[in-house]
Amino acid sequence: MERRDYFTSLLAGGTAGMCVDLILFPLDTIKTRLQSPQGFSTSGGFRGIYAGVPSTAVGSFPNAAAFFVTYETVKCVLHSGSSPYLTPLAHMAAASIGEVVACLIRVPSEVIKQRAQVSPSSTTYQMLASTLRQEGIRGLYRGYKSTVLREIPFSLVQFPLWEFLKDLWSWKQSRPLDSWQSAVCGAFAGGFAAAVTTPLDVAKTRIMLAKAGSRTANGNVLLALSDVWRTHGITGLFAGIVPRMTAISLGGFIFLGAYSKVRSLLGNTSSSGS
């Protein structure tokens, strides 16, 4: 990638990510409270649905920018001289590596955001101070493994499906896609990926919200899933699936559409039709 392409991916990804996270924040709050071990009503219900939004506002742009700079770079490297049949694998690898990098920024923001969402009477700063006082810097990265284990399968489904749908639509109409068409493909791909990875999202939420020192707080995803299965069954594993699918479908539409549009405006249309 040239320096201009780095800048384009950084600006397009960061702008798109920040728009999505802030616009759809109430749905994310509802989803978190549905997945909370305290239950929806005890966690705040529909009250204070913007609790934790400062954490998202701070972390959203660098998180999304880091993902897309990594994604486009790795995709470019893996595409060089490779067979077209290996393209889906290149997209999967690029998305996975992008998620590992982005989670270094996303997880601290997510930990503070989710704790504020289920304690609307506390401010984001109070949650940050409390986490650092009780658990130190390690507390900000509680749930890193579970987040990566959620995001990689999600990306393995979403991005190859997004790229495939774009290629198919572009081939059908014999020209590159418009930004809105790329956004439609992103909405479908994101909603489907969200549905199949909801149990991993539930495990991630339980680990981040668990009381310090508890066995769930240790970050064992299988243990968290088994606890949910034992106490709430299949419905517990898919708690919050409707707001999660809705938010990610809308988010995919806005995020990937805005990403393609910004790249197009900056003179790089490669992601709109490939």
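## A walk through an all-helix model

Leaving aside neighbours within four places in sequence, Thr131 is in contact (heavy atoms within 4.5 Å) with Ile112, Arg115, Gly136, Gly139 and Leu140. Thr131 belongs to helix 5, residues 124-135; helices (H or I, at least four residues) and strands (E, at least two) are DSSP runs, numbered from the N terminus. Thr131 has a relative accessible area of 3% and is therefore buried, where buried means under 20% relative accessible area, exposed over 50% and partly exposed in between, with a 1.4 Å probe and protein chains only.

The model is predicted, with local features needing pLDDT of at least 70 and side-chain atom pairs counting only at pLDDT 80 or more, while totals for chains, interfaces and linings use all residues. Residues are numbered from 1 along each chain as its sequence is written, and side-chain values use heavy atoms, with hydrogens and water left out.

The protein has 12 helices and zero strands. Of its 274 residues, 52% count as buried. Among contacts in the protein with a separation of 6 or more, 76% are accounted for by residues 24 or more positions apart.

The largest nonpolar core has 19 residues. Such a core is a set of buried Ala, Val, Leu, Ile, Met, Phe, Trp, Tyr and Cys residues joined through side-chain atoms within 4.5 Å. Phe67, Phe68, Tyr71, Phe159 and Phe255 have the most contacts inside this core. Two or more residues each come from helix 1 (3-23), helix 3 (53-79), helix 4 (87-117), helix 7 (144-173) and helix 8 (179-196). Helix 3 gives the most, with five residues. Apart from this core lies another, of nine residues, among them Val107, Met127, Val148 and Met208. In soluble globular proteins, nonpolar side chains tend to be buried together.

Helix 9 (residues 198-209) packs against helix 7 at an angle of about 160°, with the axes 9 Å apart. Axes here are lines fitted to C-alpha atoms, for helices over the stretch in contact, and angles run from 0 to 180 degrees between N-to-C directions. Helix 7 and helix 9 are therefore roughly antiparallel to each other; angles under 35 degrees count as roughly parallel, over 145 as roughly antiparallel, 65 to 115 as roughly perpendicular and the rest as oblique. The crossing of these two helices is left-handed, a term used if the near helix is turned anticlockwise from the far one by less than a right angle, with right-handed used if clockwise. From helix 7, Ser146, Thr147, Leu149, Arg150 and Pro153 meet Leu200, Asp201, Lys204, Ile207 and Met208 of helix 9.

Helix 2 (residues 25-35) also packs with helix 9, at an angle of about 80° and with the axes 9 Å apart. That angle makes helix 2 roughly perpendicular to helix 9. Lys31, Thr32 and Gln35 of helix 2 make the contact with Asp201, Val202, Lys204, Thr205, Arg206 and Leu209 of helix 9.

Arg244 lies in helix 11, residues 241-265. With a relative accessible area of 6%, Arg244 is buried. Outside the four places on either side in sequence, Arg244 is in contact with Lys31, Arg150, Phe154, Ala194, Thr197, Thr198 and Asp201.

Gly143 lies in the loop between helix 6 (137-140) and helix 7, and is buried at a relative accessible area of 9%. Residues up to four places away in sequence aside, Gly143 touches Val107, Lys204, Ile207 and Met208. The C-alpha atoms of Gly143 and Val107 are 7.2 Å apart, although 36 residues separate the two along the chain. Ser174 is found in the loop between helix 7 and helix 8. Ser174 is not a glycine, yet has a positive phi of about 60°; with a relative accessible area of 66%, Ser174 is exposed.

Ala90 is in helix 4 and counts as buried at 5% relative accessibility. Neighbours within four places in sequence aside, Ala90 is in contact with Leu78 and His79. Ala90 and Pro160 are 70 residues apart in sequence and 8.8 Å apart in space, C-alpha to C-alpha.

Cysteines remain. A search of the whole structure finds zero disulfides, a disulfide being a pair of cysteine sulfur atoms within 2.5 Å. Cys76 is partly exposed, with a relative accessible area of 35%, whereas Cys103 counts as buried at 0% relative accessibility.
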